[in-house]
Amino acid sequence: MILGTPMWLWLSLAVVIPVLVHLWNKRSGRPRLLGTFRFLPEESFASAKRIELHEIPLMLVRMLIVLLLTLLLAGLFIKDEVDGVEQIIISETLNGESEPEHMEGGTSLISVSSAEIKQKGWWNVLEQIEYRQQPEKITIRGDLSEANFRGARPASNAVIDWQPLDSLYKDELILAVWELSNEQYQALIQHRTDAGIQTFVEEIELSEIQNNEVEVVEEPRIIVNSENEEAVNIGLEFAASGWGIKVEEQPIEELARLEFGERIFRLVYETEEQGAEDVVEANSTFGVSLFVKEMRADVQPHKEIIVTRNAHIPFIYVDNNGSMIVNGIVEKELQSWIYAGIAQQLITEAFEVDEFLTPELSETQRDPAAITSRERGSNPAEQRSARLWLTGLLAFCWLAERWMAPGRGM
Amino acid sequence: MEREPEELDLLRSGVDLGLLAKHIVDGFMIGMHKGTRRGIGSEFSQYRSYQPGDDIRQIDWKMFARSDRYYIKESETESSVTVRFFLDMSASMKYEENGITRFQYASLVTAVLGTIASQQGDAVALHLVNNNEHKSLTEKRGKSHLNRFVHLLENTECQGHWPESTDWLTDNLNTHDRELWIVCSDLLDGEKRWETFIQLSKSVGHEIQFLQILGHDELHLQLEEAVTVEDPESRATKNIRTSAVRKEYLQNLHAYLEELRSGLMSPRTNLFLMEMNQSVRDALFEFLKLRERL
């Protein structure tokens, strides 16, 4: 139950009016002369100052009418119950807001973008989410700095668990750290600048990372097969050089092997009957397979095409199974770039860097007041106006009152 | 809401009773009162054959010349009736509805009927009666008498009840001429109180017309829900809840009225009920139509 304009509730004081009317009716004024006095029955006289039992329902009906009118004016809304949401976890993310994700045990995960939090403030975000779902507990993970709190704290029925994620908003965020052989350390650092977020590989001192939760990878190295085609190794080494990771050439079974401490990734080259097939294989699951197939001119252009050659023949595309297909024998330079990309992916995976943490923050216009007033208490899908019910009930009460009142002569 | 009759409005505003009565009477000029006995008079009625013993002066000689027979010319003899009005002056006549008391209403009814009777050349007499007081005007004809008649109706205070004995009347009784007695009252005292009065009238062979005047609220008990009512005669009061007592009240009242009607009605006694919210003119028109003639 929600009231649109609670100030009308003052009108509910008018429920005393029916009571006053009844008391007023009890007042007996100047006696009236009645020539037919003797025909009045003897026994049924009561003290006129007392409310008789049969008048109480009438009085109650009238009070109900006043109350219904008040609620009608106050704009009562009936809130629909949202099933099964016991807990909501609100996570601040750097990228956009996503649809609530429902998990088992009545827990919902809601991602809210940093931009939105900056714009609305935590109180508004909290109020809106709570209003829509009415959970018992809300866990908030995000930047709880003072700048993100504006206005008054809303009345909340839920237990709120605040979990600050300060690292999200440090100017520098260390995503990964690894040790070079000469006891130097390098790190993948995300910088927040006015232009947005940029990521660099930099040398850092060990003291800077002691308080950081990021695990230090000891002497990562990439071993490439010395028997590989030159173009393949050039690509792999190019990717490694960007990270400053040592590359060694050795005769091994695989195309390449990435040793990141205890984590080892292998890049395997496989040949099948239909053509050459490279499989990027980690010792865990890794999502992209690379197939190299013979150049075919009959492949029809379709929406999943990534690159075309000669402007019409698909060159790299995704097939129905979600595999990335490279059409034909890849030219050497292109082959290098592909392997460089694969290596880049593997290294990112190996350092457990969340690639989605690096979008650029867009500058947004801030107008928290407007948003607050627009969004507050206006979710037509989840609330129904009680007007129809109230009007119906009011009509019924009015009929009841009319039915009772003439019978009682009032 | 029904428009209030004009004359009740005038009555409330204190217009002279005589004037108001005349105004109403002019409104319905009914035929003059005529007797049923045939005889000498100014107005021709019929011819009849001469019978031995008839006064030869009555023979129409022109008729004899035409027909060679003796005819006697007859006229309707104007009969002489005394209309004796009795107006109840008991406390219950103080009952008021829409600013008019029952007594005022009854006065107007009496004045109108008195004016009609007087215009017809009947003698009118008036008695204002309660158990303490008796004001009367002896029967007479003429305009000045009518003025006295109307004047007596004004300036009267109602109290007490209708007297049980008829001593006040026996002195004024006229047993020679034919009389019509018209009683204006609420007749709420009970039939028994009127017994001696009715017996007296029967013994002298006069006709009685009772005009019972009751208020609309009295007949339907349409009062406020919670009200204190007072008996005008005994001064007793009661708090009543109208809705609770209405049914039984109306039963009692109607039973009484029925009993009263059956008790009073006889060949020479008649009862006519008037409701106080009714126009005096309409009510009397209806009444006179019922009686056909006074």
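## Helices H4 and H5 of chain B

H4(B) and H5(B) are roughly antiparallel to each other, since angles over 145 degrees count as such and theirs is about 175°. This arrangement belongs to a predicted model. Helix H4 spans residues 102–119 of chain B, and its axis lies 10 Å from that of H5(B). On the H4(B) side, the contact is formed by B:Ser107, B:Thr110, B:Ala111, B:Gly114, B:Thr115 and B:Ser118. Their counterparts in H5(B) are B:Leu146, B:Phe149, B:Val150 and B:Leu153. By class, this contact of H4(B) with H5(B) comprises five nonpolar and five polar residues, with no charged ones.

Helix H5 of chain B covers residues 143–153, and B:Leu146, B:Phe149, B:Val150 and B:Leu153 are buried within it. Viewed down the axis of H5(B), the buried residues fall within an arc of 90°, so they line one face of the helix. B:Ser144 and B:Asn147 are exposed on the other side of H5(B). Just after this helix, B:Asn155 adopts a positive phi of about 55°.

## Helix H7 of chain B

Which residues of H7(B) are buried? They are B:Phe197, B:Ile198 and B:Ser201. These residues cover an arc of only 95° around the axis, which puts them on the same side of H7(B). On the other side of H7(B), B:Gln199 and B:Ser203 are exposed.

Just after H7(B), B:Gly205 has a positive phi of about 75°.

## Positive phi in two loops of chain B

B:Leu187 occupies the loop between strand S8 (179–185) and helix H7 (195–204) of chain B. Its phi is near 55°, a positive value in a residue other than glycine. B:Leu187 is buried because 26 other C-beta atoms lie within 10 Å, the cut-off for burial being 20 or more.

B:Arg235 is placed in the loop between strand S10 (226–230) and strand S11 (237–241) of chain B. Phi of B:Arg235 is near 65°, again positive in a residue other than glycine. B:Arg235 counts as exposed because it has 10 C-beta neighbours inside 10 Å, and exposure is assigned at 12 or fewer.

## Helices H5 and H6 of chain A

In chain A, helix H5 (residues 230–243) packs with helix H6 (residues 332–350) at an angle of about 40°, their axes being 7 Å apart. H5(A) is therefore oblique to H6(A). The crossing of these two helices, H5(A) and H6(A), is right-handed.

The contact includes, from H5(A), A:Ala231, A:Val232, A:Ile234, A:Phe238 and A:Trp243. Among the residues of H6(A) that meet H5(A) are A:Lys332, A:Gln335, A:Trp337, A:Tyr339, A:Ala343 and A:Ile347. Divided by class, the contact of H5(A) with H6(A) has 14 nonpolar, four polar and one charged residues.

## Buried residues of chain A with partners apart in sequence

A:Ala386 lies in the loop between strand S22 (383–385) and helix H8 (387–408) of chain A. With 21 C-beta neighbours inside 10 Å, A:Ala386 counts as buried. A:Ala386 is 314 residues from A:Leu72 in sequence, and 8.0 Å from A:Leu72 in space, C-alpha to C-alpha.

A:Gln133 is part of helix H4 (residues 122–133) of chain A. Because A:Gln133 has 20 C-beta neighbours inside 10 Å, it counts as buried. A:Gln133 and A:Val85 are 48 residues apart along the chain, with a separation of 6.7 Å between their C-alpha atoms.

## Composition of the two chains

Chain A contains eight helices and 22 strands. Of its 410 residues, 21% count as buried. Among contacts in chain A with a separation of 6 or more, 61% involve residues 24 or more positions apart.

Chain B contains ten helices and twelve strands. Buried residues make up 32% of its 294 residues. For contacts in chain B between residues at least 6 apart in sequence, 77% join residues at least 24 apart.

Technical notes
Residues are numbered from 1 along each chain as its sequence is written. Chains are lettered from A and ligands numbered from 1 in the order in which they are written. This is a predicted model: local features need pLDDT of at least 70, side-chain atom pairs count only at pLDDT 80 or more; totals for chains, interfaces and linings use all residues. Axes are lines fitted to C-alpha atoms, for helices over the stretch in contact, and angles run from 0 to 180 degrees between N-to-C directions. Helices (H or I, at least four residues) and strands (E, at least two) are DSSP runs, numbered from the N terminus. Angles under 35 degrees count as roughly parallel, over 145 as roughly antiparallel, 65 to 115 as roughly perpendicular and the rest as oblique. A crossing is left-handed if the near helix is turned anticlockwise from the far one by less than a right angle, and right-handed if clockwise. Two residues are in contact if their C-beta atoms, placed from the backbone, lie within 7 Å. Ala, Val, Leu, Ile, Met, Phe, Trp, Tyr, Cys and Pro count as nonpolar, Asp, Glu, Lys and Arg as charged, and the others, Gly among them, as polar. The arc is that of the directions from the helix axis to the C-beta atoms.
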